[in-house]
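Biologist: Hi! I'm new to this one, could you show me around?
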Amino acid sequence: MHLRSTDLRLLPASFWYLSRPQQSLRQLHRQVSVSQIPAPIPFVPDVKTFLTLIGRNLLQHANKISSWESLFSLSSSQLRQLGVEPARTRRYLLWWRERFRKGQYGIGGDLSNVKDAVAEVRVVEVPKDGSARPPIGLEPTKKIIVNIPQSISIQGPQLRSLRSVNGLRVSGARKIVGPYVQPVKGTDGSVATLKVQKGMWEQKRGHKVDGGERRQKEIRRKRRQEEEQNAGK
């Protein structure tokens with residue numbers, strides 16, 4: 001069928017979308033996906049580590065997700081086709097994927113010095129924010145926990161730019177406390193390591209009361225009937 005130029009202008013936009021070459025659509029999808037893929041971070045350098053941290057036995061699916069790009073671009077239906085079941089597991093993975101994309105990490109996510117899935121943290125004293133400038137040696141200080149190896153010296157202006165590691169705190173004189181912290185021997189707890197472990201970022205599932213929200217009324221109704229029957233005997 002031959003269409004005049006005036007007829008072509010009247011065609012809906014959907015016609016032009018559907019008539020695009022498939023290769024162009026794939027290229028467009030690829031460009032959109034790549035723009036939404038976050039870069040790995042030192043504590044989470046690959047797919048296996050990500051699945052290890054978020055827990056819920058998702059590590060068993062690591063061999064089904066071929067790359068970091070796939071991890072952040074596969075849809076729920078594609079994950080289902082790969083065998084990631086049940087549906088709540090896929091929803092949980094997608095939920096954590098979106099959090100990671102927004103920079104919302106669990107403990108260890110803000111660490112920058114990580115080697116072989118292990119980070120070293122230590123206590124240092126830094127000047128208090130907003131403090132006046134008293135004589136040298138009398139400046140008020142506070143203790144924070146930093147992710148800088150003991151082999152690296154910190155002094156002078158560097159101290160003012162340091163930020164404390166999230167999720168950890170100093171207890172007592174110089175002891176580091178927090179989840180998954182392992183003190184280094186001979187340091188009285190002022191130096192510790194944080195190692196990638198299964199389920200470190202896992203969000204625990206809530207306990208279903210009487211079968212959960214959807215079945216709660218039915219289960220409670222049956223229970224009342226049984227109680228009434230037992231009471232009448």
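Here we chat about a helix and some salt bridges.

Modeller: Happy to! This is a predicted model, where local features need pLDDT of at least 70 and side-chain atom pairs count only at pLDDT 80 or more, while totals for chains, interfaces and linings use all residues. Residues are numbered from 1 along each chain as its sequence is written, and side-chain values use heavy atoms, leaving out hydrogens and water.

Biologist: Which residues of H4 are buried?

Modeller: Val47, Thr49, Phe50, Leu51, Thr52, Leu53 and Ile54 are buried, meaning under 20% relative accessible area; exposed is over 50% and partly exposed in between (1.4 Å probe, protein chains only). Helices are DSSP runs of H or I with at least four residues, strands are E runs of at least two, and both are numbered from the N terminus.

Biologist: And why is H4 largely enclosed?

Modeller: Seven of its eight residues (47-54) are buried, so the rest of the structure largely encloses H4. Its cover includes helix H5 (68-71) and helix H7 (87-101).

Biologist: New topic: how many salt bridges are there?

Modeller: Five, counting a side-chain nitrogen of Lys or Arg within 4 Å of a carboxyl oxygen of Asp or Glu. One of them joins glutamate 85 and arginine 90, at 2.9 Å from N to O.

Biologist: Is arginine 90 buried or exposed?

Modeller: Arginine 90 is buried at 8% relative accessible area, whereas glutamate 85 is partly exposed at 41%.

Biologist: What does glutamate 125 pair with?

Modeller: Arginine 174, with the closest N and O atoms 3.8 Å apart. The two are 49 residues apart, and the pair links distant parts of the chain: strand S2 (residues 118-127) and the loop between strand S4 (169-171) and strand S5 (175-177).

Notes
Contact = heavy atoms within 4.5 Å.
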